Amino acid sequence: MRPGLRPEPALSLAALRIVVAALVLVAPGFREGVQVAAQDPRRWVAPEGLGWFVSTVPINPKLAVLSQLVCAFAGFAAIAGVYTRPALGALTVSSFYLYSIAQLSGFVWHDAHLLWFSALLALSPCDDVLAVDARRPLLSEHARYAPALWAVRLLLGVIYFFPGYHKLATSGIKWAFGENLKYQLYWKWVEHGITPSFRWDQIPGLLTAGGLFVIAFELSFVGWVLWKKARPFLALAGIGFHLLSQFIFLIPFASLWLCYVALIDLRPVAQTLRRPCRRMALVAARFGWRQSADLDALEAKTSAKGFTAVAGFLLLAAAVQGFRGQMQSYPFPCYPTFQWIAPKLMPDLEIVAYDAHGNASLLVHARDARGYRTQRQWAELWSLAGATGSVNPSRLRAYYETLAAQQPPDTKRVVFYRTYFSVLPEDRGNPPLKRVRLWEI
């Protein structure tokens, strides 16, 4: 038993293994990595932390698909608990490759915690129960499960704390007052192309109360998570926080709050799992997957040697980037802060084709048949337009070449503009209020 660490339930760690492995396979990076790998490399922009990746690691669609297959196979093995820790190691490496490629379009997906947790689980006894490789009773409790659970809880605290810190450091308490949250709401409505019939912005005090709760929740999470009796209530508050964010602000974050299994002792509801777990144990014994005591002891010794270093590095890197507020970084970003007072004007990328007589044709781009534009597409266009970085003519040309078939046949020149339009619901569909010329082909 490690000094200072109280026994923790094996079931919580095993449940976290299943949740993380499943989430890795459904998170956007799993599918986006293959799509971005197939793009013209001129469209890529590497966030902080991935410059070395782009310059040294081969990136192509075939390798991306192969990594996707390895990731899927390893993920299902980790979920089932078959050769669990090697499977989690393969899952971490293959998903890092896929997820890193997905970040190159100008939009950082904030799913890096899944890589962190997968790496920690690969060095932990997360397969002691609820696995084909299970070798402990389902309701086991021991201090050997505590380091991984505590590392995950502290990482969750870091993820939440710094967005709250930057809100106050940048905008002060007025972040929750005035019209800020109303305009934050309007931005999301524009991004999703909707104006809800039920107007949350017209209920006096609702957004302000929500804003104060957000700041209090984010700043206090890391403190409450240290208190065992508070964790179930903290999990309920967090789930409520994220569900309301999804319902009102259209910001889903299930990949984070589903990891709250690390906060909860699941043993009171585990009785219903006893029978299937006994069956898995019988299967393990029949096929020889049950490990010997000597191998178990060797794995525990090996994992203990690397776990402290890996967990310490992850916590330090996450805290440093959180303090810096560096959201455009991977695999250690600060999670979205929404720290600035939202403006009334939103930027967009406008592409105009001109014929020999100067007649202009606006090219419609980055929208599906319904006119919908995804969050990744919005972020890529803001990046191309120079709203979140510098304007790169090579990226603009590569992006335009994907649209060349849409241009009028007599096009003589194409001009790129960064436009600004009002996010007010009553102004929806109005022409841009401001236009900045960026570049011309």
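I note here that the model is predicted.

**Entry: the ring pair**

I searched the whole structure for aromatic pairs and got 30. Tyr160 and Phe221 make one of these pairs, and the pair is tilted. I read 4.5 Å from centre to centre and 35 degrees between the planes. The angle counts as tilted because stacked planes are under 30 degrees apart and edge-to-face planes over 60. Where do the two rings sit? Tyr160 belongs to helix α7 and Phe221 to helix α9, so the pair ties together parts 61 residues apart in sequence.

**Entry: helix α9**

I turned to α9 itself, which covers residues 206–224 and has 19 residues. From first C-alpha to last I noted 25 Å, close to the 27 Å expected at 1.5 Å a residue. Where is α9 kinked? The kink is centred on Glu218 and comes to about 30 degrees.

Glu218 is also on my list of buried residues in α9, with Leu207, Gly211, Val214, Ile215, Phe217 and Phe221. What covers them? The cover includes α7 (146–171), α8 (180–192) and α10 (231–249).

**Entry: charges over rings**

Last, I looked up charges over ring faces. Lys182 lies over the face of Tyr183, 5.6 Å from the ring centre. Arg413 lies over the face of Tyr354, at 4.4 Å from the ring centre.

Conventions: Residues are numbered from 1 along each chain as its sequence is written. This is a predicted model: local features need pLDDT of at least 70, side-chain atom pairs count only at pLDDT 80 or more; totals for chains, interfaces and linings use all residues. Side-chain values use heavy atoms; hydrogens and water are left out. Helices (H or I, at least four residues) and strands (E, at least two) are DSSP runs, numbered from the N terminus. The expected span of a helix is 1.5 Å times one less than its number of residues. The bend at a residue is the angle between axes fitted to the seven residues ending there and the seven starting there. Buried means under 20% relative accessible area, exposed over 50%, partly exposed in between (1.4 Å probe, protein chains only). Contact means heavy atoms within 4.5 Å. Rings of Phe, Tyr and Trp (its six-membered ring) pair if their centres lie within 6.5 Å; planes under 30 degrees apart count as stacked, over 60 as edge-to-face and the rest as tilted. A charge sits over a ring if NZ of Lys or CZ of Arg is within 6 Å of the ring centre and within 35 degrees of the ring normal.
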